[in-house]
Amino acid sequence: MTTQIDFLQQLLNDSVYSKRALKTSVALVSLAGNDYSNYIATNGSTAGFPAFIGRVVNQLKVNLKRIHNLGVRKIAASALQPLGCLPQSTAQFSFEQCNESENALVGLHNQLLAQAVNDLNKETNSSSFFVLDMYNAFWNVFNQKQAHQVSPTFVNPFEPCCVGVSAAFSCGSVDENGVKQYTLCSNRKSKFFWDTVHPTEQGWRAVYSTPALQSSLKQFW
């Protein structure tokens, strides 16, 4: 993310964008969970997870402030979606329930993010920073209780459309002979998730239409 902001700084230096243009622009800053996936993949300890989350959010706060200092006056930071409900986590429960331990860590991240955004608004004496409530938007869809009427009903929102034929394969995998080692659902519009991590287009449409996200988006205006 720091490198991406460096690129934006260079574009300003090269007069590709002007300071005036940035003042009438909005920035969407998305930290979707790859930092935490990498922490797990590199054998990060469970005990060290909360401290690591603190470091991630602290760096995110630095990045948000830097974007503001470049001239952007409306900056949205996306809260983490319930990562414990991604198929990669629900597979162990036959796609029937979420991993609550993972969602508890997501809750800590979102709590610290909300505090960071609040601090930044105080420091800059503005209302430039706000959070997009992806967490509750996803839950609106999963629960189907508060979902907007245009949102589809997903029979099992935790089960993906595209899966590997075994644990050794994933969506899109082929063997040494180029033979597909994954299966697809018959109707992707009936699935919230495309693969073990990413929602389908229909899934994102449902998220976008939820009260939680629509309420967050109003802060842009």
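**Reading contacts, burial and a pocket**

Analyst: Lysine 61 sits in helix α4 and aspartate 119 in helix α6, so the pair ties together parts that are 58 residues apart in sequence. This is a predicted model: local features need pLDDT of at least 70, side-chain atom pairs count only at pLDDT 80 or more, and totals for chains, interfaces and linings use all residues. Residues are numbered from 1 along each chain as its sequence is written, and side-chain values use heavy atoms, with hydrogens and water left out.

User: How do I read a salt bridge, and how many does a search of the whole structure find?

Analyst: The test is a side-chain nitrogen of Lys or Arg within 4 Å of a carboxyl oxygen of Asp or Glu. The whole structure holds 6 salt bridges.

User: Which residue forms a salt bridge with lysine 61 at 3.5 Å?

Analyst: Glutamate 123 does; its closest N and O atoms with lysine 61 are 3.5 Å apart. Glutamate 123 lies in α6 and lysine 61 in α4, so this pair links parts 62 residues apart in sequence.

User: How exposed are glutamate 123, lysine 61 and aspartate 119?

Analyst: Read relative accessible area: buried is under 20%, exposed is over 50%, partly exposed is in between (1.4 Å probe, protein chains only). Glutamate 123 is partly exposed at 44%. Lysine 61 is partly exposed at 21%. Aspartate 119 is partly exposed at 23%.

User: Which residue forms a salt bridge with lysine 191?

Analyst: Glutamate 159, with the closest N and O atoms 3.5 Å apart. Lysine 191 is in the loop between β5 and α8, and glutamate 159 is in the loop between α7 and β4 (162-164), so the pair ties together parts 32 residues apart in sequence. Lysine 191 counts as buried at 13% relative accessibility, whereas glutamate 159 counts as partly exposed at 30%. Elsewhere, salt bridges with shared partners join Lys61, Lys65, Asp119 and Glu123 into one network.

User: What if a charged residue is buried and has no salt bridge? Which side chain of opposite charge is nearest to aspartate 195?

Analyst: Lys and Arg count as positive, Asp and Glu as negative; His and the chain ends are not counted. Aspartate 195 is buried and has no salt bridge; its nearest opposite charge is the side chain of lysine 191, 13 Å away.

User: Which backbone nitrogens does the side chain of aspartate 195 reach?

Analyst: Look for polar contacts: N or O pairs within 3.5 Å, in protein one able to donate a hydrogen and the other to accept it, with sequence-adjacent residues counted only if both atoms are side-chain atoms. The side chain of aspartate 195 reaches the nitrogen of valine 197 at 3.0 Å and that of histidine 198 at 2.7 Å. Aspartate 195 itself lies in the loop between β5 (182-184) and α8 (201-208). Not counting residues up to four places away in sequence, aspartate 195 touches Pro87, Pro160, Cys162 and Cys171, where contact means heavy atoms within 4.5 Å.

User: Where is serine 78, and what is it in contact with?

Analyst: Helices (H or I, at least four residues) and strands (E, at least two) are DSSP runs, numbered from the N terminus. Serine 78 is in strand β2 (residues 74-78). Serine 78 is buried, at 9% relative accessible area. Leaving aside neighbours within four places in sequence, its contacts are Val29, Ser30, Leu31, Leu113, Leu132 and Met134.

User: How do I read the largest pocket, and what is its volume?

Analyst: On a 1 Å grid over protein atoms alone, a pocket is an open set of points where a 1.4 Å probe fits, with protein on both sides within 12 Å along at least five of seven lines; lining residues have an atom within 4 Å of a point. Points join across faces, edges and corners, and the volume is the space filled by probe spheres set on them. Here the volume is about 620 Å³. The lining has 31 residues, and Gly33, Ser37, Leu83, Leu86 and Gln88 lie nearest the centre. Elements giving two or more residues are α3 (34-41), α4 (49-70), α5 (87-90), α6 (100-123) and α7 (134-143). The largest share, 5 residues, comes from α3.

User: How many helices and strands does the protein chain have?

Analyst: The chain has 9 helices and 5 strands. Buried residues are 40% of its 221 residues. Of contacts with a separation of 6 or more, 67% join residues 24 or more positions apart.
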